[in-house]
Structure formats: C-alpha cells, structure tokens
Amino acid sequence: FFKKIGPEISRHFIIQRLSVNWRCKIRKDSRPYWLKKISSKLTVKYVNRFIRPQFKSLGRGPVFFKPRYVKLFGSNISVGNFPTFISAPDDYIQITSWDTGDWNGKVDIGNYVLISPGVRIMAAVSISIGDSCMFGHGACITDADWHGIYDRTKVVGDPSPVVLEENVWIGEDAMICKGVKIGANSIIGARSVVTKDIPKNSIYAGNPATFIRDLDKNEFITREDFFRNPAKLANDFDLLDRFSLGHNTFWGWIKSIFWRDKTH
C-alpha cells in the first residue's frame with residue numbers, strides 16, 4: 001500500500017489525513033468505500049450550490065468537512081485555491097466582512113489555507129491572510145473592537161487592518177487583535193492574545209503574547225508543498241479510502257449507527 005502512495009508524500013499525506021480524522025470524528029468510519037464516494041460527491045454539490053455563491057470568490061479544489069456548519073456574513077470574502085475548511089456542529093466556522101452602511105470590510109484569504117472548527121474571522125476594514133496559513137481550533141482574528149471605548153453604541157469602534165503573511169500558524173483559541181501584522185512562518189501559541197506586530201520566523205505565546213524563540217531559517221515544508229501535485233494527492237486519498245474502508249459493509253455501517261461501541 002505504501003509503495004503505491006510513494007515515499008515522498010506518504011508521511012505528510014498520512015499525517016494530514018489522520019489529523020483531519022481526529023478533528024472531525026475520532027471514531028472509526030464504518031461506511032463502505034462506495035458510500036463515502038457518494039457522500040463526497042453530494043458534499044461537492046452542496047458546496048457549489050449553497051456555499052460557493054456566498055463568497056466573492058472561491059478558488060479551485062476547496063475541501064469542506066461538514067460544510068453546513070460554515071457561516072459566511074457579508075459579500076467581500078475571497079479565498080484562493082485548495083483551502084481546507086473543517087467545521088463541526090458545536091464549532092461553526094464564522095467569516096464576516098462588515099460591508100454595510102459606510103463600512104466596506106473585506107477578508108482576503110490566500111491559497112492552501114487550513115481553517116479548523118470554531119475559527120472566527122471578522123473584518124470591518126481589512127483582514128489579509130497569506131498562502132499556507134493554518135488556524136487551530138477556536139482561533140479568532142478581528143480588525144475591530146466592535147464597540148467604541150466611550151461610546152458603547154458605536155457599532156464598529158476604531159478598526160485597523162490585520163495582515164498575516166504566508167505560512168503563519170495560529171494556535172488553538174489564540175486571539176489576533178486589530179492592527180496586527182504577523183511575519184511569514186511565525187507561530188502563535190495556543191490561547192495567546194496578540195496586540196502588537198510579530199516578526200517573521202519566530203514563536204510568540206502568552207497574554208499578551210511575548211517572544212519565545214526564533215525559528216531556524218531552514219526551508220519550511222508548507223501546505224503549498226502538500227498540494228503541489230493535486231491529481232496525485234487526490235489519487236493517494238482514494239487509495240487510502242480503498243485501503244481503510246475496503247472491508248466495510250453496508251449492514252456493518254447500519255449497525256454502527258444503531259449499536260455503537262467504542263470504535264464506532
């Protein structure tokens with residue numbers, strides 16, 4: 001099986017697939033291979049019918065896990081090629097561009113971005129996210145206070161643009177506040193609160209986020225590398241599905257729904 005996948009991509013491929021499984025459902029997928037293929041096709045149709053029209057633009061090759069739990073507000077949300085959205089019933093993804101009245105907020109998200117369950121991105125003026133950025137569970141990015149400091153009826157407050165350069169990794173439940181720029185390849189630790197600019201190739205964590213250490217200036221392996229050959233990657237995913245679901249049966253799947261055990 002691993003010879004068919006190939007040594008160059010297998011390690012990153014398996015890690016990517018397992019991370020998705022752990023985030024989405026942890027339990028064993030008891031569906032037979034053919035049923036999962038039908039489900040995947042229906043998901044694509046759902047995205048093209050109900051989700052894609054809500055974006056100002058959405059590039060090719062998007063992957064959505066449970067797309068009905070992705071909530072988009074506003075008409076200025078743009079996403080590049082090969083994004084991955086992982087949402088859940090108890091952790092919606094919410095992206096908002098506040099383009100009403102005198103405001104013209106916009107969200108620009110690059111290629112190969114990973115957005116996990118519970119992520120919120122809210123723009124009153126501008127949030128720009130570079131290629132290959134990754135957002136952990138529950139991360140929040142906002143360019144506004146959403147109320148005035150003294151005038152609490154001031155809807156947006158005093159917003160200031162947010163910029164994340166390429167290959168930034170935002171940890172679980174981290175908060176990126178207005179006016180912040182985060183340099184390329186940097187990492188923000190879990191539950192950190194970022195109120196000031198972060199230089200590239202560094203790790204910051206805490207509340208407020210402070211310097212932890214610099215990253216080695218070696219060549220990074222990014223999500224862009226992972227998606228370098230989309231056709232081969234799709235074939236590898238299909239091979240893994242055939243391998244992991246090949247022994248599942250329709251009646252076994254029905255049984256897993258009504259008589260669950262620790263593996264279902």
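At 29% relative accessibility, Trp98 counts as partly exposed, whereas Trp146 counts as buried at 18%, because the cut-off for buried residues is under 20% relative accessible area. In this predicted model, Trp98 and Trp146 form an edge-to-face aromatic pair. The pair links distant parts of the chain, with Trp98 in the loop between β6 (93-97) and β7 (106-109) and Trp146 in the loop between β12 (140-142) and β13 (162-164), 48 residues apart.

A search of the whole structure finds 14 aromatic pairs, among them the stacked pair of Trp34 and Phe250. Here too distant parts of the chain are linked, since Trp34 belongs to helix α3 (residues 33-51) and Phe250 to helix α6 (residues 250-258), 216 residues apart. Trp34 counts as partly exposed at 45% relative accessibility, and Phe250 is likewise partly exposed, with a relative accessible area of 33%. Through ring pairs, Trp34 and Phe250 are joined with Trp251 and Trp253 in a cluster.

The geometry of the two pairs is set out below.

| Pair | Class | Centre to centre | Angle between planes |
|---|---|---|---|
| Trp34 and Phe250 | stacked | 6.2 Å | 20 degrees |
| Trp98 and Trp146 | edge-to-face | 5.7 Å | 65 degrees |

An aromatic ring also takes part in a contact with a charged side chain: Arg49 lies over the face of Phe50, at 4.9 Å from the ring centre.

As for the protein chain overall, six helices and 20 strands are found, and 44% of the 264 residues count as buried. The accessible surface comes to about 14,800 Å², of which carbon and sulfur atoms hold 56%.

Key: Residues numbered from 1 in each chain as written. Predicted model: local features only at pLDDT ≥ 70, side-chain atom pairs only at ≥ 80, totals over all residues. Heavy atoms only, no water. Helix = DSSP H or I, 4+ residues; strand = E, 2+ residues; numbered from the N terminus. Buried < 20%, exposed > 50% of the residue type's maximum accessible area, 1.4 Å probe, protein only. Areas by Shrake-Rupley, 256 points an atom, 1.4 Å probe, with all protein chains shown as cover. Phe/Tyr/Trp six-rings, centres within 6.5 Å; stacked < 30°, edge-to-face > 60°. Lys NZ or Arg CZ within 6 Å of the ring centre and 35° of its normal.
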